[in-house]
Amino acid sequence: QVQLVESGGQLVQSGGSLRLSCAASGRTYAMGWFRQAPGKEREFVGAIIWSDENTYYADSVKGRFTISRDNAENTVYLQMNSLKPEDTAIYYCAARSYVQYYTQPRERANYDYWGQGTQVTVSS
């Protein structure tokens with residue numbers, strides 16, 4: 001069993017930066033970040049594989065957001081820079097607990113555990 005706890009969401013000005021954290025209670029193969037804005041579908045933001053730190057990003061955040069990890073704390077971070085109002089959403093941490101058939105890191109179906117979400121609001 002894996003439990004995920006996100007934190008760090010808050011109000012931030014456009015152009016500012018924010019770092020989200022996701023602490024996992026158990027070992028995972030890969031972790032991802034998704035976000036959901038009001039009236040929108042939940043969309044992929046980024047993902048990281050524990051074994052080699054291979055990362056994936058959505059085109060909309062590439063170059064602005066960075067995923068990193070802290071092995072000692074079993075925590076994944078999402079560093080968000082140059083924030084825009086359109087980044088406003090609830091951000092969810094997701095985990096894949098097993099390696100087999102992890103071939104679609106950008107798909108929600110590839111993750112079997114989810115956190116409760118943390119609200120990020122970017123003011124204009």
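**Salt bridges and an open sheet**

R35 and D87 are both buried (buried: under 20% relative accessible area; exposed: over 50%; partly exposed: in between; 1.4 Å probe, protein chains only). The two residues form a salt bridge, with 2.9 Å between the closest N and O atoms. A salt bridge here is a side-chain nitrogen of Lys or Arg within 4 Å of a carboxyl oxygen of Asp or Glu. This is a predicted model, where local features need pLDDT of at least 70, side-chain atom pairs count only at pLDDT 80 or more, and totals for chains, interfaces and linings use all residues. Residues are numbered from 1 along each chain as its sequence is written, and side-chain values use heavy atoms, with hydrogens and water left out.

**Salt bridges**

- Side chains of opposite charge can pair when their charged atoms come close.
- The count by this rule is five salt bridges.
- R35 also meets E43 in a salt bridge, at 2.7 Å from N to O.
- R35 has 5% relative accessibility, so R35 counts as buried.
- Strands are DSSP runs (E, at least two residues), numbered from the N terminus.
- E43 is partly exposed, with a relative accessible area of 35%.
- A network of salt bridges links R35, E43, R64 and D87.
- K62 and D59 form a salt bridge too, with their closest N and O atoms 3.4 Å apart.
- Both K62 and D59 are exposed.

**The four-strand sheet**

- Four strands make an open sheet in the order β1-β3-β8-β7, with antiparallel pairing.
- Two strands pair if DSSP finds at least two bridges between them.
- β1 (4-7) and β7 stand at the edges with a single partner strand each, so one side of each has no neighbour in the sheet.
- From one strand to the next, the twist averages 20° (axes are lines fitted to C-alpha atoms; angles run from 0 to 180 degrees between N-to-C directions).
- β7 and β8 run antiparallel and are joined by six bridges.
- In this pairing, D70 stands opposite T75 in β8.

**Around R69**

- R69 sits in strand β7 (residues 65-70).
- Leaving out residues up to four places away in sequence, R69 touches I48, I49, W50, S51, E53, T75, V76 and Y77 (contact: heavy atoms within 4.5 Å).
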